[in-house]
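Here are my notes on the model we talked about, as numbered points. Please keep the structure open beside them while you read.

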Amino acid sequence: MRYESPQSVDDAIGLLANGGAGARVMAGGTDLLVQLRSGMLEPELVVDIKQIEETRVITEESGGFRVGAAVAGAELNEHPRLPKIWPGVAEAFDLIGSVQIQGRATMGGNLCNASPAADSVPGMIAAGAIATVAGPKGRRELPVEDVCTGPGRTSLGSGEFIVSFFLPERPARSGDAYLRFIPRTEMDIAVVGAGVSLTLDESGVVAAARVALGAVAPTAMLVQDCSSALVGTSLDDVALQALSAAASAACNPINDKRGTIEYRTKVAGVIAQRTAKIAYSRAKGE
Amino acid sequence: MTTNDENKTLKWVGSRPNRPDGVDKVTGRAKFGADLTLPNMLHGRVLRSPHAHAHIVSIDTSKAEALPGVHAVITGADLPLLASEFVPAGEAMVNYGDMCRNVIAREKVLYDGHAVAAVAAKSVQIAKQALKLIEVEYDVLPHVIDVDEAIAPDAPVLHDHMFTAGVEPKPEKPSNIAKRVEFKLGDIEVGFAAADIIIERDFNTETVHQGYIEPHACVANFSEDGQAELWCCTQGHFVVRGYCARLLGMEVSKLRVTASEIGGGFGGKTVVYLEPLALALSRKANRPVKMVMSREEVFRATGPTSGAKVWVKMGAKKDGTITAAQCELKFQAGAFQGSPMQPGAMCAFAPYDLENVKAVGYDVVTNRPKVAAYRAPGGPISEFGVESVVDEIALLIGMDPIELRLLNGAQEGTQAAYGPRFGPIGMKETLFALQNSEHMQQPLGPNQGRGIASGFWFNIGGDTCANINVSDDGTVALALGTPDIGGSRASMSMMVAEELGIDVKDVRPMIADTASLGYTFLTGGSRATYSSGMASVQAARSIIEQMRERAAKTWDIPLEAVEWEDGHARPASSNAGEFEPLSFADIARTMAKTGGPLVGSAALNAQGAGPSFAAHMVDVEVDPGTGRVEILRYTAVQDAGRAVHPSYVEGQVQGGVVQGIGWALNEEYVYGDDGTLQNAGFLDYRVPVCSDVPMIDAKIVEVPNPRHPYGVRGVGESPIIPPMAAIANAVSAATNIRFTELPMSPPKVLKALDEAALPEAAE
Amino acid sequence: MPLANVLLTGNLSQFTGGQTQFQFDARDIRGVMKELVRLHPDVAPHLEEGLAVAINGEIFQDTWFEPIPEGAEVTFMPAIGGG
Amino acid sequence: MARHHITTHINGDEVEFLCDTEQTLLDVLRDELHLTGTKEGCATGDCGACSVTVDGRLVCSCLMLGVELEGKQVSTIEGMADGERLHPLQSKFIEHAALQCGICTPGVLVAAKSLLERNPDPTEIEVRFWLAGNLCRCTGYDKIVRAVLDAAADMRGAAA
């Protein structure tokens with residue numbers, strides 16, 4: 001196995017393009033190293049993108065934030081402004097693993113590992129985050145919900161990798177939140193995850209909503225029916241019931257060691273409700 | 001051995017000094033199993049079966065052997081095939097036919113992860129590559145994971161030679177039931193006839209692993225003259241020596257085993273896995289070989305404890321008197337017989353004074369790793385069922401669950417359901433302590449419940465040696481044979497300091513290797529502080545006798561005229577003469593002149609270990625939306641006989657409780673349809689993490705064991721017995737649903753809530 | 001010689017024709033075992049393996065020469081291991 | 001394939017080593033540099049026994065490659081005591097009996113030190129969540145949490 005740590009995006013693209021199927025991008029490495037150790041992956045080349053300045057910084061841009069794909073969770077949560085503006089995005093990222101994992105794990109890695117249960121992904125989808133993808137044909141913008149195509153699979157082409165994410169400007173009277181269900185209090189993979197971002201009108205009625213669910217389908221997904229259940233409501237019981245029903249209806253999970261289809265489907269509704277309530281109270285400035 | 005006067009003020013026993021190995025362990029200096037490197041050392045790795053059950057048709061190791069850097073490859077053919085019979089090994093009975101097949105498969109692989117071959121190479125990387133070059137042809141057989149499926153008439157049979165023992169007449173066909181045992185007292189039919197209420201329940205527990213953080217590791221160094229050295233993390237290096245010598249076909253005394261520091265065991269490091277393979281590789285390669293398991297290997301290939309089906313039936317009068325108690329236990333043993341169903345059956349009803357008892361146990365083999373001991377083996381499983389039913393009796397007759405236990409509780413003179421009469425025991429004292437706890441007054445909120453359970457464990461003694469070498473500066477070296485897992489060196493040092501009348505800092509305890517001390521049975525069965533403590537005290541008393549003799553000679557007075565008090569030899573009375581007392585250090589300083597080195601040795605078979613009881617109380621809250629159970633508050637009372645070092649007694653209790661919380665709520669082996677283990681890692685085998693649990697209030701009561709010089713009872717095991725039932729009782733109280741299956745994981749709890757159609761709390 | 005009241009628990013009575021209670025004159029545990037084997041030779045191998053003996057409730061494992069007080073209750077039971 | 005030549009700092013000392021690409025920081029510490037105080041409990045980032053800090057950041061050394069170490073500052077348990085003076089956390093762990101077998105102790109101490117550097121006055125809950133990545137199977141965590149809280153109080157006292 002060869003290791004390269006290019007200093008520029010172009011160098012990285014060159015290495016990845018030449019490396020073909022035998023090349024893997026490494027950001028934080030918290031998933032990659034486990035896969036290497038177990039023998040699940042045996043790449044010929046590992047391209048560490050952490051030496052590329054652009055992947056390592058958070059900058060304010062167009063009223064929003066641009067987050068480098070290799071920014072570690074701890075770094076994002078220590079940012080002076082971002083966690084206040086996008087608390088759901090920050091808390092979703094913060095839930096990945098332990099403090100030790102937070103020191104290394106990145107949004108780019110969490111997304112491109114393409115686990116349906118990745119915690120930061122529903123948070124980003126709800127926030128409307130856009131990934132900036134660099135590749136041999138130049139750069140392109142891709143909504144986060146369009147990156148993963150199935151467990152372990154992404155829509156990125158050969159030589160492509162994610163350089164950064166753009167979190168848009170936060171409208172007034174809006175709030176986001178992420179909750180997940182795990183059996184323990186920490187250190188588990190989400191059995192169900194829900195990211196909700198709401199914008200209210202001046203009377204406190206939901207004007208816009210984005211609801212994303214994780215761990216209940218082959219990829220984390222934006223659930224339009226959940227959003228529709230909330231828009232035009234003040235999150236009354238009827239709306240929450242509708243949200244819950246829409247969340248459960250959207251589920252297409254599997255039975256595995258982490259949860260049953262039945263359980264995930266039911267709890268998706270519960271968690272979606274709980275998350276929406278937090279997002280709503282944040283949007284109201286509570 | 002005489003018991004210390006209970007009223008005597010003790011200087012060390014009962015205090016909380018710093019442990020002697022503390023600094024080494026907080027600085028990273030302590031050497032654990034994987035921390036030794038020898039010159040010229042190779043690295044060994046094991047090839048493991050991907051199948052749950054298969055015949056091994058052939059193994060071709062030639063390509064692996066040809067890989068540069070590979071120095072030895074072994075298969076089952078490199079180790080002797082031993083007869084399938086039970087023979088004494090130390091104090092345990094061992095079937096070497098099974099053990100030799102468990103350490104490396106012969107005719108068949110019997111579980112996912114079963115060792116098939118092993119390689120020694122100059123690096124781990126090369127060893128791993130070599131494993132991929134070993135070609136094994138398997139003939140895959142149907143497998144069986146579940147205990148009920150294993151005893152079904154058409155189940156695939158694991159061992160063609162296994163006929164159920166303990167049933168008359170001998171069965172005509174082999175089966176997966178290795179053995180049936182039965183314990184009876186009185187007549188249960190009479191007992192049930194006298195009952196006003198009868199409760200009967202089926203329980204299920206899943207396989208759980210000890211989950212020690214240190215994976216198995218060893219370094220073997222076999223020399224050309226047939227002698228060998230082995231360094232390993234084990235609970236009993238003398239036991240390892242005996243097993244390995246037999247498995248390798250070598251003489252016991254040619255193998256010297258040194259116990260490294262051990263990173264947790266809880267029963268799981270009482271057997272051998274890598275050790276015989278490392279020795280065989282070293283013998284073949286003529287070089288030292290180090291082997292370390294990965295975490296995945298620990299889960300797939302080392303012994304967890306049994307999952308079991310438990311049926312309990314108990315009858316009681318309206319006044320709470322239990323009139324009959326019956327249980328049937330079906331324990332899965334893993335691939336080879338030897339589940340702890342027998343102690344499980346024996347201790348099931350031990351906390352109670354009962355006239356009519358019947359406990360039946362079945363030992364059932366399945367295509368899983370062979371179980372090993374795990375804290376109070378068998379007890380947590382059977383007592384989970386019994387303590388749940390006792391709780392239900394209390395509910396049904398409207399009696400406080402502690403009062404019900406006190407009414408029926410065992411005390412001195414009670415004939416235990418497994419036969420003998422109890423001496424002084426603390427069963428009721430543990431319950432009184434719960435009644436008097438502040439916790440009892442804590443109000444409960446919505447979706448919250450409180451549960452109580454008692455627990456019992458036998459405790460053991462056994463072969464033990466200790467040696468004390470006195471230095472001329474008045475300090476002593478204490479050599480022990482029981483590996484120190486949880487701070488036992490501190491306790492031994494304290495007892496020795498107490499006896500000798502010296503500062504505990506002047507006692508340097510160490511775990512001696514197998515060539516340097518007499519045979520000592522392993523650390524397990526809650527025996528270390530009991531037995532090694534007894535031996536250490538005896539060795540210390542031997543030193544005192546010798547010191548009195550030296551003083552008598554020095555003063556030229558008779559031995560009887562010299563007494564030992566507070567670390568000094570003194571004339572027994574003024575009649576004996578006027579002499580300045582000689583301190584321990586004084587006598588040590590002149591020992592060369594007064595007769596030579598002062599050495600105190602003890603070799604004994606410690607007997608009379610007193611049982612220990614526990615009573616636990618827990619408050620839980622159940623999330624009605626997700627089924628998640630949170631532990632809010634936990635109080636655990638333990639009869640320690642006497643707590644030599646109370647901090648480490650509390651530590652045993654707190655650790656046992658949290659393991660029990662894991663067992664109760666989330667820990668389980670999950671198998672796929674193909675018979676392979678699905679959760680062989682700490683990510684999905686969910687031991688409790690720090691944020692999962694509250695402080696565990698450990699309360700010690702002391703009902704001294706008259707047989708031990710300081711009244712010690714083992715405390716390592718009983719703390720893990722009550723948690724599962726206490727938590728189940730608490731969850732049942734919170735939900736009005738009786739939970740009978742472990743773990744009470746969120747999906748199970750939510751399903752039960754849904755089925756009971758409880759109105760969901762407002763979201 | 002002291003009189004011992006002997007009780008067999010567990011599966012041992014399978015080798016004594018179902019009898020679980022005995023009275024023997026015996027000096028120590030070994031003596032009790034010898035008497036038991038004299039009456040029921042089939043039990044012999046099972047006294048060698050994994051056995052504990054309680055004398056008036058106090059448990060002894062793997063030991064022959066523990067003396068038996070007059071009138072003692074002597075219980076034969078399976079030996080206990082532990083974790 | 002040629003091994004990588006890496007120059008780094010470990011516990012303040014400049015250290016050079018050779019490693020294979022596959023070797024993790026944990027492998028390098030233990031097998032190349034013989035700093036065996038850092039333990040391997042799982043090699044998947046789930047137990048925290050291998051905790052160290054790299055450039056002041058708490059990480060699992062099993063989840064970082066040795067080749068990533070060029071120019072970094074690594075701190076391990078071996079560097080925690082100041083000469084013969086134990087760090088207050090180390091002393092408090094001994095005093096509170098916050099270790100039994102001791103295998104998780106180095107990782108827990110490194111993690112706890114990292115916490116107190118960021119938060120000198122943590123609550124019990126903060127300690128518990130910070131240490132959630134450090135499995136301990138012996139103690140039930142009770143005495144560990146107490147020792148960390150007590151050390152924090154002592155350190156605040158000393159700093160005042």
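1. Let us begin with one pair of residues: D:His4 has D:Cys19 as its bridge partner in β2(D). Strands here are DSSP runs of E with at least two residues, helices are runs of H or I with at least four, and both are numbered from the N terminus. Two strands count as paired if DSSP finds at least two bridges between them.

2. Before going further, a word on the numbers. This is a predicted model, in which local features need pLDDT of at least 70 and side-chain atom pairs count only at pLDDT 80 or more, while totals for chains, interfaces and linings use all residues. Residues are numbered from 1 along each chain as its sequence is written, chains are lettered from A and ligands numbered from 1 in the order in which they are written, and side-chain values use heavy atoms, with hydrogens and water left out.

3. Now the whole sheet in chain D. Five strands form an open sheet in the order β2-β1-β5-β3-β4, with mixed pairing. Because β2 (13-19) and β4 (57-60) of chain D are at the edges with a single partner strand each, one side of each has no neighbour in the sheet. On average, neighbouring strands are turned by 40° against each other, direction ignored. Helix α3(D) lies across β3 (51-54) and β4 of chain D and runs at about 45° to β3(D); axes are lines fitted to C-alpha atoms, for helices over the stretch in contact, and angles run from 0 to 180 degrees between N-to-C directions.

4. Which pair of chains shares the most contacts? Of the four pairs of chains in contact, it is chains B and D. Here 43 residues of chain D touch 53 residues of chain B, a contact being heavy atoms within 4.5 Å. About 4,000 Å² is buried between chain D and chain B, and carbon and sulfur atoms give 60% of that area. Buried area is the accessible area (1.4 Å probe) that two parts lose on being put together, summed over both. D:Ile94, D:Gln100 and D:Arg137 supply 21% of what chain D buries against chain B, more than any other three residues.

5. D:Arg30 makes a salt bridge with B:Asp35, and their closest N and O atoms are 2.6 Å apart. The count of residue pairs in polar contact between chain D and chain B is 22 (both at pLDDT 80 or more). A polar contact is a pair of N or O atoms within 3.5 Å; within protein, one must be able to donate a hydrogen and the other to accept it, and residues adjacent in sequence count only if both atoms are side-chain atoms. The side of chain D that touches chain B takes at least two residues from each of α2 (88-95), α3 (105-118), α4 (124-130) and α5 (142-159) of chain D.

6. Chain C also meets chain B, with 26 residues of chain C in contact with 37 residues of chain B. The two bury about 2,300 Å² between them, 54% of it on carbon and sulfur atoms. C:Asn11, C:Ile80 and C:Gly83 supply 24% of the area that chain C buries against chain B, more than any other three residues. There are three salt bridges across this interface; C:Glu73 forms a salt bridge with B:Arg421, with closest N and O atoms 2.7 Å apart. The elements of chain C that give two or more residues to this side are β4 (58-61) and β5 (72-78).

7. Where do chains lack contact? Chain C and chain D have no contact, their closest C-alpha atoms lying 13 Å apart. Chain A and chain C have none either, with closest C-alpha atoms 26 Å apart.

8. Finally, some backbone spots in chain B to look at. The peptide bond joining B:Glu168 and B:Pro169 is cis, with omega about -10°, and B:Pro169 lies in the loop between α5 (147-150) and β9 (177-185) of chain B. B:Ala376 has a positive phi of about 55° although it is not a glycine.

Conventions: A salt bridge is a side-chain nitrogen of Lys or Arg within 4 Å of a carboxyl oxygen of Asp or Glu.
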